[in-house]
Structure formats: C-alpha cells, structure tokens
Amino acid sequence: MLWFQGNSVHLAKYSLQLLMRNLSASKTILPVLTLFTKDPCPLCDEAKEILEPYKNRVILQEVDITLPENSAWYERYKFDIPVFHLNGQFLMMHRVDISKLEKQLQKLEQQGAGCWRMPS
C-alpha cells in the first residue's frame with residue numbers, strides 16, 4: 001500500500017504478517033479493519049463491543065498509537081481516537097458508524113476485493 005511512510009512501515013509489515021497468517025489458516029482473506037487506539041480509551045472499548053458481530057467479516061487489527069514505532073499515527077490521531085481504516089483507507093473516527101461500515105463491506109464483497117479465495 002502506498003500510504004505507508006516513515007515509521008508506518010512497521011505497520012505495513014505487521015499488516016502483511018497478519019494477512020499471511022490469515023491466508024495460511026483459512027485460505028480466505030477478510031478485509032482488515034484497523035483500530036487506532038491507546039490505553040485507556042473508553043470510546044475504543046465501546047467500539048470493540050459494537051464491532052463484535054463483525055468478527056467473521058473483518059480482521060480487527062489494533063494499533064496502539066502511543067508505542068514509539070507508531071509515533072506518526074500518534075501525531076495524526078492523538079485527539080481523534082478511535083480512528084478506523086478499512087484495508088488501509090480512512091473509514092471513520094470518534095464512534096463506529098455501522099451504516100458506513102456495512103456499506104463499505106458490501107461494496108468490497110460485491111467487487112470481490114473484500115474477500116479473496118486462494119486456489120485449491
């Protein structure tokens with residue numbers, strides 16, 4: 001993905017590792033919903049509860065923006081968490097917007113980009 005720069009390269013490597021694990025485990029890749037968070041974050045905890053029904057449709061990846069390797073994300077989102085990216089693209093911030101998430105997931109599923117099958 002082209003939007004990874006500087007300290008965010010670590011995140012790209014982590015995303016790729018997560019993707020490869022998912023591939024080898026199920027031969028199906030789900031869309032990656034990245035949650036930019038920190039501890040404590042009550043809104044993030046609330047968001048994770050709201051997203052629980054989606055655990056079979058997305059891979060929820062959490063990025064702690066307070067870690068040194070995520071300093072670029074901290075500078076960008078320190079006042080806005082929770083922030084969500086879907087497959088590397090900004091989706092929403094502050095609260096989960098279920099209708100927006102559902103719309104984007106349906107779009108990915110229709111395009112076949114949200115869930116790829118590996119050849120048998």
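Four helices and six strands make up the protein, where helices (H or I, at least four residues) and strands (E, at least two) are DSSP runs numbered from the N terminus. Along the sequence they follow the pattern α-β-β-α-β-α-β-β-α-β. The model is predicted, so that local features need pLDDT of at least 70 and side-chain atom pairs count only at pLDDT 80 or more, whereas totals for chains, interfaces and linings use all residues. Residues are numbered from 1 along each chain as its sequence is written, and side-chain values use heavy atoms, with hydrogens and water left out.

Of the 120 residues in the protein, 37% are buried; buried denotes under 20% relative accessible area and exposed over 50%, with partly exposed in between (1.4 Å probe, protein chains only).

Helix α4 comprises the 14 residues 98-111. Its buried residues are Leu 101, Leu 105 and Leu 108. Seen down the axis of α4, these buried residues fall within an arc of 60 degrees and therefore line one face of the helix, the arc being that of the directions from the helix axis to the C-beta atoms. They pack against β2, α2 (42-51), β4 (83-86) and β5 (89-93). The face of α4 turned away from the buried side carries the exposed residues Ser 99, Lys 103, Gln 110 and Gln 111. Just after α4, Gly 112 adopts a positive phi of about 80 degrees.

Thr 34 lies in strand β2 (residues 32-37) and counts as buried because its relative accessibility is 8%. Residues up to four places away in sequence aside, Thr 34 touches Gln 61, Val 63, Val 83, Phe 84 and His 85, a contact meaning heavy atoms within 4.5 Å.

Technical notes. The expected span of a helix is 1.5 Å times one less than its number of residues.
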